[in-house]
Amino acid sequence: MVRVRTGVYHDSVSLMRVSRTASALPGVEVAVVAMATELNLGIAAELGFDLPKAGPADLLIALRGGGADTLEAALAELDGLLAGLSATPAGGAAVEHPPHTVRAAARERAATLALVSVPGPYAFAEALDAVEAGLSVMIFSDNVPVEQEVLLKRRATELGVLVMGPDCGTAVIGGAGLGFANVLRPGPVGLVAASGTGAQQVACLLDHAGVGVSHVLGVGGRDLSADVGGLSTLRALEALDADPATELIVLISKPPAPEVARAVAETVAKLGTPVVTALLGPGQDDLTVATETALRALGAPVPAWPSWPAPGTAREHAGGLRGIYSGGTLCVEARLITGSGEFTDFGDDAYTVGRAHPMIDPTLRLEALAEVPPGEVVLLDVVLGHGADPDPAATLAPAIAGAAARGVTVVVALVGSEGDPQGLNAQAEALNAAGAAVFTSNAQAAGHAAEVVAGIAR
Amino acid sequence: MTLTMLSGEPEVITVGADVLGEALDLQAVPRTRVDWRPPMPGTEADLARVLADPRRGRANETAVGRLVSARPQLVGVRPAHEVLDLPRGTFLHAGPPIEWERASGPMRGALIGAMLLEGLATDAADAEERLARGQARLDSCHHHRTVGPMAGVVTRSMWMFEVHDAEHGGTAYCSLNEGLGKVLRYGAYGPEVLRRLRWMAEVLGPALQATLERSGPLDLRALTAQSLQMGDELHNRNRAATSLLVRELAPEVVEAAPGHAAEVLRFINGNDHFFLNAGMAACKVSADAARNIPGSTMVVAMARNGTDFGVQVSGLGDRWFTGPAGVPDGLYLGAYGPDDANPDIGDSTITETAGLGGFAMAAAPAIVRFVGGDVSDAMAATRSMYEITLAEHPAYQIPGLDFRGTPVGVDVTLVARTGLLPTVNTGIAGRVAGTGQVGAGLVSPPASAFTTALTALAEAADHGNGSV
């Protein structure tokens, strides 16, 4: 059964949830509920559905299963789920007449910033609306062309606002967590990060040490490239310097382009606020060491980072190391520390075209985990917080147990704070009970994995 | 260098994945959710190019600023041959340019009437044959600072409202409204139609001209603002505006044309739409003030010729972007039905171009039944037009929306982004020449008129400055 609904739009994450629920309905074997993009049409065609003409503005529903009546019943159920997506809980004019663009929203209602997570090709228009309305904007979307990023950031500089992103995974502004955001105590450290998971790692370690953050400003992974020239990094550094709540700034990035590094160094030298720089690269401090440096700069004690050693006894390891990551920076850091192994960053743009980020949708990582042959060591990250999978251990723990049963050693870097909605301890214990060694420091997790491979630790 | 978002409580606009917005709800962070959907198919590349044009923001500010600051004044009523370049055998018509071969029934009917009125044909059959042979020269009203309702046919002997923009100095023209029923603008050309047109040229026009000479300029901006507050939207409802016009002019008509005062006033008073044509000229002169601003994506004309719906854009000079005119959805007079309807026709969409008509529906709850809806539809129609417009009119306000200004200045990029097409109120002409009006309702312009304009804007943006 194939249906095309025109004039209906839902975002891909919401539709993925509906698809998942629909697949579990009685009598349904295969369910595809998605906007009819080229990619999704391709997926449906591969599944053997005969498709009518449809475009990205149409909603595609394709069901297969036992009998026409069953499918009709499933379709009715599905329509209920879709209707539920459109219903908005609160009352008032905003609900009766929701704005259709950021421009209209900014014109009609008070706001201090915008959060843009529409598909990449459409993000530019919404982000530009925000900038032109005098609002800072976080662009969660990836696959945004670099020339659009440069244009947005130049316009933002003219208008005195900040563009965070594109591909900015996390930000914390005045206590509000945006995107993938951990629940952090308020405090004196301001973060500027060209990397979402890097910022999450540092902020969570600070939180474990009892030190809070003022703001976390993401700038997007390309900001310190020669093309973009660090436009947002420079602006974010200056803004945190002017912020009375910020006593220390931590700047997190991959090594910048040389000319950009010079501009950043010049700006840092002019600031009144001390800056700790964590540049991920060969010969540089890892994020855990950088966090410890920041703690010492504040005169705060450095604690032992929480970890949960693997249960049971050591095994013989004939195989190598695989890194199955969702966070790009965490992946790079782990690769630098282990010095060997086969690492994949499933959060990379190449894996997220037309699909949700692996912190939301675990499918690809679970598949990768299932394929690890016996004797190998697997290193993976689990990132908690708002926006992320509400219970990652629910799907990961059985997969880890399965891997462990095959003789695979699993090491987990668990990035989260005690306040996160998933519950740090509960997640750690579930993953640990399934057989994984769990570390809150990614650097320590990577170090441990390397030692296991080298046969000097279990 | 400070960032305002770092001080004070965060309030967030979210657009995209609901899961990220819900995360803010869990943190009790106030937020406004954007009901986003993908733009019109195939427009994203053009949109990115046009939005990136550094001229756009300021150009649109200038364009819409000129549109809403215009001060249209009715300064005179004069024969077309005096004020327009209109030699014998040349006729103006509504909408983008069209030739006889492609003209619809009502357009052909009006052109036949024009031939007869000007004495260029002996009868309808003769007129039709001459028109088919190309003996008349046709041109778009819009090319002559002129607008005409429905078929909008203007001949040299007709008398025209002359409207002057006291702010920017422009002038625009529109013919005098003939009333309802069998009239030339709906394609009727029978003897009573021609008799009325001759009376308008011999009696009505000169009387109004003498009247305006006595009264001096009449402020149409003020009159329009008052009429909106009295329940007109100035396209399909002009009852308040016509009444106000009569109140203003009546004493002067009596003094200026004592011999004809009664018949002139009776004629105006008998036609609730008499003001429409003066209002259209006012909208035309306002929109023309916003033309030719390089980089501007604002629509300065929407017009239909009964076959094509066309738009012109400030940053693109006099080029037309067209698509097929749709058949309005509405109520029909007597036994007429949708099968009798001609596709959308007329320059009266200049009212929507200037933020009136369908855009001001919320001001005119009395007509919503007429155009097939209820009051909440009217409110929703106006509200949705704020999504695709650049500004709110400072003088034209809607009491029912807390005196919010009407949405004004259609932005081609916002139409493409939201997929919302301008809401147009309109009369419906019969499709057979000579039938006249068969109904009234709402009509949607073709999306292709806006997407082709967007493509042209993208090309102009790439060429940078001086593309007009």
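Trainee: In this predicted model, what makes β4(A), helix α6 (residues 120-132) of chain A and β5(A) a right-handed β-α-β unit?

Mentor: The three elements β4(A), α6(A) and β5(A) make a β-α-β unit, and it is called right-handed because, with the strands pointing away from the viewer, the path from the first strand over the helix to the second runs clockwise.

Trainee: How do you know that β4(A) and strand β5 (residues 136-139) of chain A pair?

Mentor: Pairing asks for at least two bridges, and β4(A) and β5(A) have 4 bridges in the parallel sense, so the two strands count as paired. Within β5(A), I139(A) is the bridge partner of V116(A).

Trainee: Which strand of chain B is joined to β4(A), and over how many bridges?

Mentor: Strand β1 (residues 12-16) of chain B runs parallel to β4(A), and 5 bridges join them, so this too passes the requirement of at least two. In β1(B), V15(B) stands opposite V116(A), while I13(B) is the bridge partner of A114(A).

Trainee: Why is strand β4 (residues 113-117) of chain A described as largely enclosed by the rest of the structure?

Mentor: A residue is buried if 20 or more other C-beta atoms lie within 10 Å of its own, and 5 of the 5 residues of β4(A) are buried, so the strand is largely enclosed. Both faces are covered, with L113(A), L115(A) and S117(A) buried on one side and A114(A) and V116(A) buried on the other.

Trainee: How many residues does each chain bring to the contact?

Mentor: Chain A brings 56 residues and chain B brings 45 residues, and α6(A) gives the most to the side of chain A that touches chain B, with 7 residues.

Technical notes. Residues numbered from 1 in each chain as written. Chains lettered and ligands numbered in written order. Predicted model: local features only at pLDDT ≥ 70, side-chain atom pairs only at ≥ 80, totals over all residues. Buried ≥ 20, exposed ≤ 12 C-beta atoms within 10 Å, placed from the backbone. Contact = placed C-beta atoms within 7 Å.
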